[in-house]
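Welcome! Here is a short briefing to read alongside the model.

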Amino acid sequence: MSHLSPLPDRAEPMPYFPIFLDLRGRVVLLVGGGEAAASKARLLARAGADILLVAENLSPEMAELVDQGAISRIERQFRPGLLDGATLAFDGAGDAELTDRLRAAAFSRNVLVNVIDVPDQCDFTVPAILDRSPLIIAISTGGGAPALARNIRQRLELAIPASYAGIARAAARCRQQVRAALAGFRDRQRFWDALFTDDQLMGLPEAAAIEAIETALAKPRKQPPTGSVTLVGAGPGDPGLLTVKAVQAIAAADVILHDALVPDSILALARRETRLISVGKRAGCRSVPQEFTNRLMVSEARRGQRVVRLKGGDPFIFGRAGEEAAFLREQGVGVEIVPGITAAMGAAAQLGIPLTHRGVARSLRIVTAHCRTEAETDLIDWASLADPSTTLALYMGRDRLSTIAENLIGAGLPAQTPAALVANATRPDMQVQFAPLTALAGGSVLIDGTAPSLILIGNAVAQAPGWAAVTPQLCRHDDPPLYGMSNT
Ligand code: SAH
């Protein structure tokens, strides 16, 4: 068997061959004086094409381009001879008979034609572009779904900031210098890889980027790379709640050590070559020891791998990121933290619960009620938590739900204080139960035993539309009512 990878096995043939043309000084025939033709003229002029326009009437947009000197020559009528010496032709006149004549004349002269907005009459299409010149990203859907191409472009707009134009110019300017300083192809590749994954550099304007590249080049590279680790918050589950930085880190990673809480829909954003290692912990289950995770991060980073430690929610909220960061620094491995949306924020947004609310909740407390024994639960300072002007977000507390509620009531929090038990917040299988604290104490509120769940307690919970639905029953009965589970 050959070691070369075979041609990709695709059911569909590739409908267009993508290339980037150098049109500087080349003649491009443009037929039509309307708006569609003008927008092509603008693009062609930027690329330095020598535009020969065929038009009787000019739209204001086209007239402006003519005034600006963007058009080299104007003819009123099309004739086949105008195609002699042309590299490409665009037809935006919208005249079917003219199009036929143009296409026939172009075919016999081997000139490629684009009939604007008529894909099946085109020899080539113009892609949607993300312009960070000299960096240009072109997107094609084979002419069939321009709206999809636009949508993809908008997403790339976010992922590839405008500053990348300066980086691309700087990299081009330094290319020879880097080639002279680093003889090996692999060395150069590693050099550029390290630069382009450095967020600080990627935000620099051209001149500063050149300086940074030269400084990096001047640094001695004798010692092996020490590597670094990025501790990334993956949010509560919905991939749409990842930060742009988190998406970039995931996409750049060579190896990802992830929690059990991180769903497949987020891991799917990693490259195919990226190694995914589950180091998950789940309350009550046997899990990968922290020590193992720590050592693995260090050894992978020292091998020069780009390591991402991916955690549910925010890494600094019940995520042990503080311990991991301290260990990495002790070992001389660089650490970067990318924050994430914590579960309480995700749940609150989904349910419409303001975590602070003027005149109702002045503060938010994020606490855990995860205790190994009842005795440990007794050590919690319930008096300080039983504050009616605070919203409590209790993480990892499901197993001690009734104990928690009893203790809060015992410490003085009114028994009718609104609460919401939320499992799988922001995921497709989200479950929620609204109930007053007293119902939680009574043990009548239950939720699927394995899903990650949290409890929001406080008067602000009553602002949720879901709470309003249970309130009338509360007014009529002394007993806590049963609240149905909903899958919003
Ligand atoms: N670092 C995470 C918390 C990790 S501790 C964060 O900032 O969100 C794990 C606990 O987080 C779970 O036991 C549960 O209480 C809570 N949690 C995480 N994801 C959740 C989700 N999608 N819905 C509800 N609770 C969640």
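**Around the ligand**

Domain 3 (228–341) and domain 4 (344–486) each give at least three residues to the shell around the ligand; these domain bounds come from an automatic or database domain assignment. Please keep in mind that this is a predicted model, where local features need pLDDT of at least 70, side-chain atom pairs count only at pLDDT 80 or more, and totals for chains, interfaces and linings use all residues. Residues are numbered from 1 along each chain as its sequence is written, and side-chain values use heavy atoms, with hydrogens and water left out.

**The ligand and its shell**

- Around the ligand there are 18 residues, and D314, I317, T342, A425 and S453 come nearest (near means that a heavy atom of the residue lies within 4 Å of the molecule).
- The shell holds 11 nonpolar, five polar and two charged residues; Ala, Val, Leu, Ile, Met, Phe, Trp, Tyr, Cys and Pro count as nonpolar, Asp, Glu, Lys and Arg as charged, and the others, Gly among them, as polar.
- A polar side-chain atom of T342 sits 2.6 Å from an oxygen atom of the ligand, while a backbone N or O atom of D314 is 2.8 Å from an oxygen atom of the ligand.
- For A343, a polar backbone atom lies 2.9 Å from an oxygen atom of the ligand.
- On its own the ligand has 540 Å² of accessible area, and the protein covers 92% of that (areas come from the Shrake-Rupley method with a 1.4 Å probe; for residues, only the protein chains shown count as cover).

**P339, a loop residue**

- You can find P339 in the loop between strand 12 (334–338) and helix 13 (343–351); helices (H or I, at least four residues) and strands (E, at least two) are DSSP runs, numbered from the N terminus.
- P339 is partly exposed, at a relative accessible area of 49% (buried means under 20%, exposed over 50%, partly exposed in between, with a 1.4 Å probe and protein chains only).
- Not counting residues up to four places away in sequence, P339 touches G233, T243, D314 and P315 (contact means heavy atoms within 4.5 Å).

**T391, a strand residue**

- T391 belongs to strand 14 (residues 390–395), and T391 is buried, with a relative accessible area of 0%.
- A polar atom of the T391 side chain lies 2.6 Å from the backbone oxygen of L355.
- Beyond its neighbours within four places in sequence, T391 has contacts that include L355, A361 and I457.

**The whole chain**

- The protein chain has 19 helices and 17 strands.
- Of its 488 residues, 40% are buried.

Terms used. Polar contact = N/O pair within 3.5 Å; in protein donor to acceptor, adjacent residues only side chain to side chain.
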